[in-house]
Amino acid sequence: MRSLRQVLGWSEHTTEPVDGLEPASSPVWNTLSTLGVGAVADVNANGVIYPRRRPLSVEIWFGTGDRWVRGATDAGVRQLRVAGLPIVETRQRVGDGDVVQTAWADESGDGQGRVVVELQNETDVAIVVAVVVRPRSLLGAGSVSELRVSGTLIVADRRPIVDLGRTPGDTAVAVDDETSLHARLASSDGQLIAEPSIEDADGNASLAAMIPLTPGVSRQIQILDGREQSTVAPSPLDRVVSGWKSHLGDAMEIELPSWPKHVPAALVSSLLGSVADE
């Protein structure tokens, strides 16, 4: 019997379009989860994050010189699970170095979970990070009718989706027809739209918010599920790693209860009785 992956023509590591899917919707992904909430989001092989409860995606683009670098269209992407845990590190080659995107799920205090994304600039030059919200679900088209920036937040359909941690320096908006947003960000004159909102009745609104990332600096953003302010601060990555390891270590030490001594005798007696009845 063929698997669903074989029926659809998916290979384990393909990033080629399948049945109209763009490379950013690669069917190879990792799931981010917490013990209390379960699955919160998925991260595909290009580092694009797909929240489980919102029909959209959050993608990080890196601006250097006169172009944007992104995992869906550029080479130099490497990805791994940190210590084999549901913590995904995506390295994107930018110039002569890497920008590292580490993503994990965390408790936000509202029972829904959130994704914490830590960005580390390991290059020798300052870059611009574009946090791009698009109407793209994990395996096809999503829907976003309205996007705006409110202080440090990107708000999608009147519910916060990203907390940037700071007010963005610039924003760019577009009705997403696969290429329009990329063309807008890569405009030769470098003029970005300052209008921090866009509406589209067909659900194709997209928005990119720009924040700086200097060499050697680490910055965190949070992907939310509708709550403007989390009631619990994000846990540091090292604490998340140690927490998972501690839980898994405890789980390995759990012993199943042994059977009562009378059970084997009762089973043997039952089997002998069955034979005798024949």
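This is a predicted model: local features need pLDDT of at least 70, side-chain atom pairs count only at pLDDT 80 or more; totals for chains, interfaces and linings use all residues.

Visitor: What makes the contact between the side chains of D42 and R52 a salt bridge?

Guide: The distance does. N to O, the two side chains come to 2.6 Å, and the rule asks for a side-chain nitrogen of Lys or Arg within 4 Å of a carboxyl oxygen of Asp or Glu. Side chains of opposite charge can pair when their charged atoms come close.

Visitor: Where do D42 and R52 sit in the chain?

Guide: D42 is in strand β2 (residues 38-44), while R52 is in the loop between β3 (49-51) and β4 (57-64), ten residues apart.

Visitor: And R52, why is that one called partly exposed?

Guide: R52 has 44% relative accessibility. Buried stops under 20% and exposed starts over 50%, with partly exposed in between, so R52 lands in the middle class.

Visitor: How many salt bridges are there by this rule?

Guide: The count comes to 13. Some of them join up: R78, E89, R91, R93, D98 and E122 are linked in a network.

Visitor: What puts E89 and R91 in a salt bridge?

Guide: Their side chains meet at 3.2 Å, N to O, and the cut-off is within 4 Å. E89 has 17% relative accessibility, so it counts as buried, whereas R91, at 22%, is partly exposed. The line between those two classes is drawn at 20%.

Visitor: Let's turn to strand β7. What makes you say β7 is mostly covered?

Guide: Six of the eight residues in β7 (residues 87-94) are buried.

Visitor: Why do you say that β6 and β7 pair?

Guide: Pairing needs at least two bridges, and five join β6 (residues 77-81) to β7, so the two count as paired. They run antiparallel, with R81 standing opposite V88 in β7. Five residues lie between the strands of this hairpin, where A83 takes a positive phi near 55 degrees.

Visitor: Which strand else is joined to β7, and by how many bridges?

Guide: That's β8 (residues 97-106), joined to β7 by eight bridges, again antiparallel. Q92 stands opposite V99 in β8. Two residues separate β7 and β8 in their hairpin, and G95 in the turn has a positive phi of about 65 degrees.

Visitor: What makes A174 buried?

Guide: A174 has a relative accessible area of 4%, and the cut-off is under 20%, so A174 is buried. Its place is in strand β16 (residues 170-175). Leaving out residues up to four places away in sequence, A174 touches S180, L181, I198, N204, A205 and S206.

Visitor: Is Q222 buried or exposed?

Guide: Buried: Q222 has a relative accessible area of 15%, and the limit is under 20%. Q222 is in strand β19 (residues 218-223).

Visitor: What makes the pairing of Q222 with R114 a polar contact?

Guide: The two side chains come to 2.9 Å, and the rule wants N or O atoms within 3.5 Å, one able to donate a hydrogen and the other to accept it. Q222 is also among the residues in contact with I161, along with I223 and L224.

Visitor: And for the protein as a whole, how many helices and strands are there?

Guide: Four helices and 19 strands. Of the 278 residues, 44% are buried.

Terms used. Residues are numbered from 1 along each chain as its sequence is written. Side-chain values use heavy atoms; hydrogens and water are left out. Buried means under 20% relative accessible area, exposed over 50%, partly exposed in between (1.4 Å probe, protein chains only). Contact means heavy atoms within 4.5 Å.
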